[in-house]
Amino acid sequence: MGSRKRPVSRSMRCALVRMAWAVCVTSVPALVWTEASGGLISGPIISPTNGHEYFLLTQSSWQDAQAEAVSLGGNLVTINDAAEQGWVFTTFGSYGGVDRSLWIGLNDAASEGNFVWVGGEVVTYTNRLPGQPDNAPGEDYVHMLRTGNGFGVAPGFWNDLASPGSVFGQFDPIHGVVEVASVPEIDPTGMGSVLALVTGALGLLERRRLKAKAA
């Protein structure tokens, strides 16, 4: 007969979870980037609406912003409800005293008129500018309109835009907002999920260390 694996005690699981979170939390202040880092302006910032991490990127095309989002372990933001919409625009729309349009993950690049979230989530909420989308050629990517957008339109509404190569300079600068889902809850029955949490935390720290080193 093989030896039976001894179950992990509740106290041991709790200790490992506290250790993992301590690594993440105590490292965050040193890992908040500035615009000079060349890709990230700020983050991670945790939303009280869902507990997810968000990052504000430097000005770029939608495609480059999405590539950066993937490198951070997420995607351009998915907006699921009015609370998330309000928090994202309030937090990042005028970050650092600069009025910014914000790329979000909604697009119809694969099928004209069929807008989907780049992360695969179901579209359950929109905040479109009246009359949008207008299906103009090449306008496949959605952004939140910045304050002072030149059209007299209330900021925060969604508009579809070409990327790269938009002719509407009034919307610049346009910055991607990245959303990274929170770490899943720990499985209370064993070590596997605890180790996954620790490994994920260490992997996140390593990615940030490499980005800081390359800046």
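A residue is called buried when its relative accessible area is under 20%, exposed when that value is over 50%, and partly exposed in between (1.4 Å probe, protein chains only). The model you are looking at is predicted, so local features need a pLDDT of at least 70 and side-chain atom pairs count only at pLDDT 80 or more, while totals for chains, interfaces and linings use all residues. Residues are numbered from 1 along each chain as its sequence is written, and side-chain values use heavy atoms, with hydrogens and water left out.

**The overall plan**

The protein has four helices and eight strands. Helices (H or I, at least four residues) and strands (E, at least two) are DSSP runs, numbered from the N terminus. Read from that end, the elements follow the order α-β-β-α-β-α-β-β-β-β-β-α. Contact here means heavy atoms within 4.5 Å. Of the contacts in the protein with a separation of 6 or more, 65% are between residues 24 or more positions apart.

**Strand E2 and its two partners**

Two strands are said to pair if DSSP finds at least two bridges between them. E2 pairs with E1 (residues 40-46) in the antiparallel sense over four bridges, and Tyr54 of E2 is the bridge partner of Ile45. E1 and E2 form a hairpin with six residues between them, and Gly51 in the turn has a positive phi of about 80 degrees. E2 also runs antiparallel to E8 (residues 174-180), joined by five bridges. There, Phe55 has Val178 of E8 as its bridge partner.

Which elements do the buried residues of H3 pack against? They pack against E1, E2, E4, E6, E7 and E8. Those buried residues are Glu84, Gln85, Trp87, Val88, Phe89 and Phe92. At the start of the helix, a side-chain oxygen of Asp81 comes within 3.2 Å of the backbone nitrogen of Ala83.

A nonpolar core is a set of buried Ala, Val, Leu, Ile, Met, Phe, Trp, Tyr and Cys residues joined through side-chain atoms within 4.5 Å. The largest one has 19 residues, and Val88 and Trp158 have the most contacts inside it. At least two residues each come from E2, H3 (82-92), E4 (101-107) and E6 (139-144). H3 gives the largest share, four residues. Leaving aside neighbours within four places in sequence, Val88 is in contact with Tyr54, Val77, Ile79, Gly93, Leu102, Met144 and Val177. A second, separate core has 17 residues, including Phe55, Leu76, Leu145 and Phe171.

**A covered asparagine**

Asn149 is found in the loop between E6 and E7 (158-162). Is Asn149 buried or exposed? Asn149 is buried, because its relative accessible area is 2%.

| Backbone oxygen of | Distance to a polar atom of the Asn149 side chain |
|---|---|
| Arg146 | 3.0 Å |
| Val153 | 2.8 Å |

Beyond its neighbours within four places in sequence, Asn149 is in contact with Pro155, Gln170 and Phe171.

Conventions: Polar contact = N/O pair within 3.5 Å; in protein donor to acceptor, adjacent residues only side chain to side chain.
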